[in-house]
Amino acid sequence: MAEVLRLDGIRKSYNVGTPVETEVLHGIDLTLQARDFLALMGPSGSGKSTLLNIIGLLDRPTAGRLAINGEDTGELGDAALTQLRGRAIGFVFQYHYLISAFTARENVMMPMLVDRGRPDSAMERRADELLDRVGLSRWRNNSANNMSGGQQQRVAIARALAMDPDLVLADEPTGNLDTKSADDVFALMREINRERGTTFLLVTHNDDLAARCDRIVRVVDGVIAGEGN
Ligand SMILES: Nc1ncnc2c1ncn2[C@@H]1O[C@H](COP(=O)(O)OP(=O)(O)OP(=O)(O)O)[C@@H](O)[C@H]1O
């Protein structure tokens, strides 16, 4: 099976070279295969967001090796990292970060615009297909600020899929939703994982949702404290 992500001995310190230098990740090893659906859990301050930022190529580790689709990222410069991030990784956050004055379709087109520069009809078709998939066909011309929290999070999921990523990183994607919307949004991610084989890594504090993932990895004080399912 294809290996999407490999972390070997990832360490991360903040404020390096200052008197308050602190190491918050102390050697993380983790492998994700295509089709994995993994919940990352752990107490507040344990290092989950730090780890997610490193996996998402938004921050670099202080030590250790990170490979995406078999490609070692340690040697890549900033431009190459940005390009790899855009093509291989989709992001869903607790707060959707949609552009509120843009329509649902325009929001979903954003990653394609960043990649290709100017809008074209193929982007529109792709955005419409994705909105159809997340159940929002009829809403494509609505501005994001006229949609419910659950609908906005569905738009954010469609946007995360715009570049057909291998890996979707979701940081408490249902943390801001009522129980029913949270359930629907989780079920949608699960369906997409099964249909497309997209790998998902989900940070959650919700035990019920975690129990519905294939793997649960617990981070405590910057180390992996255990894995179950
Ligand atoms: N930019 C930063 N500079 C210095 N310290 C930081 C920075 N970001 C995070 N930390 C520290 O790193 C540790 C891990 O934080 P992190 O946000 O990764 O934890 P978390 O598990 O995501 O927590 P939560 O569940 O509350 O989001 C904490 O002690 C935090 O204070």
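Colleague: Among contacts between residues at least 6 apart in sequence, what share join residues at least 24 apart?

Modeller: The share is 70% in this protein. Two residues are in contact if their C-beta atoms, placed from the backbone, lie within 7 Å.

Colleague: What kind of model is it, and how are residues numbered?

Modeller: It is a predicted model: local features need pLDDT of at least 70, side-chain atom pairs count only at pLDDT 80 or more, and totals for chains, interfaces and linings use all residues. Residues are numbered from 1 along each chain as its sequence is written.

Colleague: How many helices and strands?

Modeller: Seven helices and 10 strands. Both are DSSP runs numbered from the N terminus: helices are H or I with at least four residues, strands E with at least two.

Colleague: Which strands form the open sheet of four?

Modeller: The order is S2-S1-S4-S5, with antiparallel pairing. Strands pair if DSSP finds at least two bridges between them. S2 (22-33) and S5 (71-72) are at the edges with a single partner strand each, so one side of each has no neighbour in the sheet.

Colleague: How many bridges join S4 to S5?

Modeller: Two, and the strands run antiparallel. Ala 67 has Asp 72 in S5 as its bridge partner.

Colleague: New topic. What surrounds the ligand?

Modeller: The residues include Tyr 14, Asn 15, Val 24, Lys 48 and Thr 50. A residue is near a molecule if its C-beta atom, placed from the backbone, lies within 6 Å of it.

Colleague: Which element gives the largest share of that shell?

Modeller: Helix H1 (residues 48-55), with three residues.
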